[in-house]
Amino acid sequence: MKKITTLVVALLFTMGLQAQEVNFKVGYKQNTTYTQTTSQKTQVGVTYEGAEEPMEQESGSTITTKTTVGKLANNEMPIVMEISMEAGQQGADQMNGAKIYGKAKPGMMPTFERIEAPGMQDQVKDMLMGMMEKGLSQIFMPERKVKVGESFVQETPMDIPLGPVTMKMKDIATFKLKKVEGRKAFFDVTHVMTLEANIEGQDMKGSGTGSGVMIYDMDQNYPTSNDATVNMDMGFEAQGMKMNIKTTSETKAATVITASK
């Protein structure tokens, strides 16, 4: 009897350990809609030589992307991403109603082909598609098995066009599986970021750190929540005057996933 009890305890313990392992595999499902709402609040402080106090500014925005994934055919699924913003927000007049078309293979990151946005300049279209692809590259990471307490690293380089200037940024994110509750996996995420750009012949460099939490839905194979707070410190010279910019950005993203009937 004692041996049987010991065996049962060992079996339950093993099952518990297996339940704490997550097969992290992000991918779109056919005939499914992913509605993501992202809210961001940013505080900016600019300090320059001769100024007694920094110039400070606050801004915020909320953007919703509705990604509709069609039927799988020939190992590909058509994708339409529609963007919406509330009137009055910066850029809403051009962004609202924009549609990005692309395709994806099961378990792989989508690729975008074209964008429909009446009134949007071609340069802005290219920038928007690039930013959306880079944003998804931070979600569609390689498949891996992760146990509670284990970590993995995702390095994402980004080229962000800002008019005549291209800002090069790199985000090294570390994901640590904190816990598993039901069919949800909770990851603590830390960020180490660097950026550089050349503005009118002057080099601009910066660095920053951040932290947040990502919740991964194991049934949907997709993150349904992703929050982060990032602090950046940037410095450059403008017309011989040294300037320093400090920013704090709080981002909250939530995704609702619905299957088509």
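Me: Why is Ser-249 called buried?
Reply: The relative accessible area of Ser-249 is 17%, and buried means under 20%, so Ser-249 counts as buried. This residue is found in strand β13, which spans residues 241–259.

Me: Which residues does Ser-249 touch, not counting residues up to four places away in sequence?
Reply: Ser-249 touches Gln-40, Lys-41 and Thr-42, and also Ala-228, Thr-229 and Val-230. From C-alpha to C-alpha, Ser-249 and Ala-228 are 8.0 Å apart in space, while 21 residues apart in sequence.

Me: What makes the pair Ser-249 and Thr-42 a polar contact?
Reply: The side chains of Ser-249 and Thr-42 are joined at 3.4 Å, and a polar contact requires a pair of N or O atoms within 3.5 Å, one able to donate a hydrogen and the other to accept it; the pair therefore lies within the cut-off.

Me: Where does pLDDT stay under 50?
Reply: It stays under 50 over residues 8–18, for which the model has 0 contacts beyond four places in sequence. Among the elements of the chain, helix α1 (residues 2–19) has the lowest mean pLDDT, 47, whereas strand β7 (residues 144–147) has the highest, 95. Where pLDDT is low, the predicted coordinates should not be read in detail. For the chain, the mean pLDDT is 85, and 89% of its residues reach 70 or more.

Conventions:
Residues numbered from 1 in each chain as written. Predicted model: local features only at pLDDT ≥ 70, side-chain atom pairs only at ≥ 80, totals over all residues. Heavy atoms only, no water. Helix = DSSP H or I, 4+ residues; strand = E, 2+ residues; numbered from the N terminus. Buried < 20%, exposed > 50% of the residue type's maximum accessible area, 1.4 Å probe, protein only. Contact = heavy atoms within 4.5 Å. pLDDT = per-residue confidence, 0-100.
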